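Q: I've got a structure open and a few minutes. Can you walk me through it?

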Amino acid sequence: MPYKRLMNIIQTLFNPPKRQPLSPAITTRHLIKLPPPIQLPAKQIPRAQHSVSRKNISKNAVKVLYQLHQSGYQAFLVGGGIRDLLLGLKPKDFDVATNASPEQVRQVFRNCRLIGRRFLLAHVHFGQEIIEVATFRKQHDESGDGVIENGCIIRDNVYGTIDEDACRRDFTINALYYDISNFSLLDYADGMADLQAKIIRLIGNPVERYQEDPVRMLRAVRLAAKLGFEIEPETAKAIHQFNHLLENTHAARLYEEVLKMFLGGYAYPSFVKLREFGLFKRLFPQTEACLDDPIALALVEQALKNTDERVAADKSVTPAFLLAALLWFPILRLIPEYRDKGLSEQDCLVSAIDKVIDRQIQRISIPRRVTILSHEIWLLQPRLTRPKTKRSLRIMTHQRFRAGYDFLYLRAQAGENVADSAQWWTQVQTMDEAQREQFFDTVPSHRSNRNNRRRKKKKPPTTPV
Ligand code: ATP
Ligand code: MG
């Protein structure tokens, strides 16, 4: 290779030419693979005719919108943020859509990270708050970069224009764009009319849209439960027909969606709708099989209602506790199989737990840190229900005692035969040291209990799990 060319290459490697931010027009042309078929004409709603005010948008989201706009890009607030503001609700998060590519977004913001496999997204960090910035994408077509398997979108990084971006969004009420350049709203799919009529309606053909991404079925149910909206008949009918598609959906995405549904403050109404649409059995088949038992149903319902109450009161909620409630009856139902094999009660419980978890994570990939915690809650149950002595109090120092006790209490509430134990533990927790001493003066002594315990070991257990 001639010396001059070699030097040129080295120079380019060490001093790459600085990339200028592209003007919106150039950017769009670069990003589009095919001429954009504009399917949805946008209605523009000027500022005076809608209720979205910058005052109600997170300061950081406004900052992101302005900075993108000032760097020559289009910048819109879209999705749940706008939808919820129009409904007078407090948005959970604010999503920004732009014609800047993720790489260009990163050049605009120092505090920015690119994330995602299925879609490449930019996360702009402001302390605790993250503003998600997504580049306009278009509906996948065979000529694009998207990857489709069996009609289902696997990878979806096909950039497009705002018109195309609107077409690939899920529901009409999620395709409203707030334009920071003039504070108007762009309504691509008559979303305003559906917001007013309280309707969840898929954009496009429901069958195709669910085949592309079955998670949209869960999103329809979640939104209907959260907003108290009706699912439009065609959008609803296709869920009944295609809920089986969830069985082949990526287990990690299902976990994310289940978390949003069950820890977002509307777990109970979501559960009712999931069952109504035949979706719950696709997510938790082992649980569904137990819900013919009114106590099992009451346990799950009560756990979900309690979770909603805690979220409303701004208290912490843990997926492990909910999981403990969802899988408790499948575990109880499996225990007799292991008893028949002659295992000890403890081993029966552990084996049933392992089996039920194994089956569940094939459907929804629940992280191990969560299942370990549920495991601890379950293993505490026999220890909390066995005959009580002063020694039983030692369990109160167990790291998970509170969760184990709460779960026992929930079981009692649901109608399991553990009310006496739950009451006992409630009572001893309210006592101080002296009161406990006095309380145990009336029950058998430490020593004789230990003997009892030894003798009991040889007998078959009589206490419920
Ligand atoms: P939430 O209040 O839970 O945040 P959201 O509608 O904003 O509700 P996000 O998951 O934040 O939900 O998604 C933001 C937007 O991205 C949605 O409003 C929708 O326009 C679009 N979107 C999200 N998931 C999908 C999907 N699976 N298919 C099509 N569009 C989607
Ligand atoms: Mg959102």
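Predicted model: local features only at pLDDT ≥ 70, side-chain atom pairs only at ≥ 80, totals over all residues.

Q: Which residues surround ligand 1?
A: The list runs Gly 79, Gly 80, Lys 92, Asp 93, Asp 95, Arg 169, Asp 170, Asn 174, Asp 213, Val 215, Arg 216 and Lys 260.

Q: How does that shell around ligand 1 split by class?
A: There are 8 charged residues, 3 polar and 1 nonpolar.

Q: Which domains does the shell draw on?
A: Domain 1 (17-197) and domain 2 (206-280) each supply at least three residues.

Q: OK, zooming out. How many helices and strands are in the protein chain?
A: The chain has 22 helices and 12 strands.

Q: What share of the residues is buried?
A: Of 465 residues, 37% count as buried.

Q: And the contacts: what share joins residues at least 24 apart?
A: The figure is 67%, taken among contacts between residues at least 6 apart in sequence.

Q: Now the largest nonpolar core. Which members touch the most others?
A: Leu 77, Val 96, Tyr 177, Leu 299, Ala 324 and Ala 325 do, in a core of 111 residues. Helix 16 (residues 319-339) gives this core its largest share, 12 residues. As a general rule, nonpolar side chains in soluble globular proteins tend to be buried together.

Q: What does Ala 325 touch?
A: Leaving out residues up to four places away in sequence, Ala 325 touches Leu 299, Val 300, Ala 303 and Leu 410.

Q: Leu 77 was on the core list too. Which way does Leu 77 point from strand 2?
A: Leu 77 points the way Ala 75 does, while Phe 76 and Val 78 point the other way. All four residues of strand 2 (residues 75-78) are buried. In a regular strand, side chains alternate between the two faces of the sheet.

Q: Which strands is strand 2 joined to?
A: Strand 3 (residues 95-98) is joined to strand 2 by 4 bridges. Strand 9 (residues 176-179) is joined to strand 2 by 3. Both pairings run antiparallel.

Q: Which residues pair up there?
A: Ala 75 is opposite Thr 98 in strand 3. Leu 77 has Tyr 178 in strand 9 as its bridge partner.

Conventions. Residues numbered from 1 in each chain as written. Chains lettered and ligands numbered in written order. Near = placed C-beta within 6 Å. Nonpolar A, V, L, I, M, F, W, Y, C, P; charged D, E, K, R; others polar. Domains from an automatic or database assignment. Core = buried A, V, L, I, M, F, W, Y, C linked by C-beta atoms within 7 Å. Buried ≥ 20, exposed ≤ 12 C-beta atoms within 10 Å, placed from the backbone. Helix = DSSP H or I, 4+ residues; strand = E, 2+ residues; numbered from the N terminus. Contact = placed C-beta atoms within 7 Å. Pairing = 2+ DSSP bridges.
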